[in-house]
Amino acid sequence: MILPCRIHGGRKRNRVDSLPLALVLVACLIYPVREATSQDAVAAAAEAAGLGWLPAVPIQITAGVDIGYDDHVTGNTATTSSTGQKSFFVRENLVLTYVRPTERTQLSLIGVGRFEQFFDLGTDDKNGNVTLSLTHNFSTRLSFYASVYAAYETEPDFKSDVGPENVRADHFNTVDIFAVTYRWLPRLSTVTNFTFQRVKYADASIGAEQDRMDNTFGETIQFSLTRRTNLVGDYRYQITDYDTAPNDSTTHYLLGGIDHHLTEHLVVHARGGPSLRSLKDDGDSTTPYFEGSFEYIRSNHSLNWTTSYGFEAPTEANASVRKTFRTGVSLTYNLTSRLTSTTAVYFHHDENQSSASSGTGSAGSQDSLDLLLGFNYTINKRLAAQVNYSYTSQSSLGGTPGYSRNSYSAGLTYTY
């Protein structure tokens with residue numbers, strides 16, 4: 001399972017984290033199948049982030065402040081205007097980074113606190129998230145990996161299937177991964193893994209449709225065909241329990257794929273196969289499932305593309321099944337030794353289906369787009385400035401009109 005990186009912080013436009021910090025966050029959440037690659041990425045990102053300024057205590061603290069303007073702050077529902085409410089805002093950020101790689105154990109911790117005030121709304125949002133990643137090699141054959149992520153956010157996240165994307169609402173989300181890798185033969189290894197996810201909304205009316213718990217058990221077999229190519233077989237069993245909504249289900253995934261290093265800097269990952277979802281009281285449905293990524297990293301730029309298609313948790317109140325095509329591209333480029341640009345585009349298309357017992361069939365389709373453009377300028381070793389623009393749009397669905405949103409911000413960050 002390739003997980004989205006939640007440190008994105010919904011659509012709150014948090015830009016305190018510099019490019020090197022973003023690389024650390026990505027390294028913390030990579031799926032265990034790519035464990036060795038993750039370990040290298042963590043170490044490289046830590047060095048790039050300047051964590052060598054205090055070798056004995058590998059801690060970095062970054063504080064920042066942004067000011068900006070948002071032309072559609074409030075959520076968009078069937079009872080609100082699609083034009084939204086405009087507001088100037090100020091945002092304070094605090095990021096704590098700890099990376100401690102050793103010969104056998106690699107540990108990293110990212111903590112983010114964010115406080116945002118919208119002057120024209122009179123709101124004061126408090127958000128935070130923590131990501132803890134641990135890899136321990138018991139021997140040359142046996143290793144353990146854990147990644148624990150927990151967040152309390154107000155804005156929806158367009159890169160995941162957590163909650164409705166047209167509503168600002170406080171919610172808690174955690175995704176926790178535990179995996180054991182064992183190398184049976186020089187070319188053959190297995191990964192036994194378990195993923196837990198919990199989604200909980202403060203608003204009871206939203207929680208009645210969205211509060212849920214996912215437990216996913218997986219077994220992966222990897223065969224090293226060549227030094228650059230791994231063949232992969234993957235089975236997953238997912239149990240989804242909703243607190244209130246009648247959408248409890250179990251899902252089986254039977255996937256095959258490949259991990260291939262096309263060049264020293266270019267890596268491709270792909271998985272595909274059938275998936276079967278059984279709703280507790282509403283029959284079965286099947287769909288093809290696919291996930292893949294394309295990673296290209298050089299000294300002064302990096303490109304990452306991910307895409308997937310398959311079942312996701314429905315976020316429409318009248319839907320019991322949702323099939324989603326999701327894709328995203330992010331590019332970072334060091335224009336000079338001090339100036340870095342960031343571009344990211346995320347899109348997904350949802351096909352919603354009502355319960356079979358209702359007899360209504362399709363519940364409609366919806367398209368969502370999220371775009372980010374940003375520049376970061378390093379003034380000196382500790383001080384940096386950044387400007388960012390983000391655009392979000394969502395098409396209409398049923399009685400809920402579509403909307404678009406523009407946000408502009410500029411600020412400073414200081415690293416201790």
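The structure is a predicted model, in which local features need pLDDT of at least 70 and side-chain atom pairs count only at pLDDT 80 or more, whereas totals for chains, interfaces and linings use all residues. Residues are numbered from 1 along each chain as its sequence is written, and side-chain values use heavy atoms, with hydrogens and water left out.

Side chains of opposite charge can pair when their charged atoms come close. A search of the whole structure finds 19 salt bridges, a salt bridge being a side-chain nitrogen of Lys or Arg within 4 Å of a carboxyl oxygen of Asp or Glu. One of them joins Lys126 to Asp124, with 3.5 Å between the closest N and O atoms; Lys126 is exposed, at a relative accessible area of 52%, while Asp124 is partly exposed, at 43% relative accessibility.

In another pair, Asp243 and Arg198 form a salt bridge whose closest N and O atoms are 2.9 Å apart. This pair links distant parts of the chain, 45 residues apart, with Asp243 in the loop between strand S9 (229-242) and strand S10 (249-261) and Arg198 in strand S7 (residues 188-201), where strands are DSSP runs of E of at least two residues, numbered from the N terminus. Asp243 is partly exposed at 40% relative accessibility, whereas Arg198 is buried at 19%.

A salt bridge also connects the side chains of Arg212 and Asp214, at 3.2 Å from N to O, and both of these residues are buried. Furthermore, Asp70, Asp125, Glu155, Arg168 and Arg405 are joined into one network by salt bridges that share partners.

Notes. Buried < 20%, exposed > 50% of the residue type's maximum accessible area, 1.4 Å probe, protein only. Helix = DSSP H or I, 4+ residues; strand = E, 2+ residues; numbered from the N terminus.
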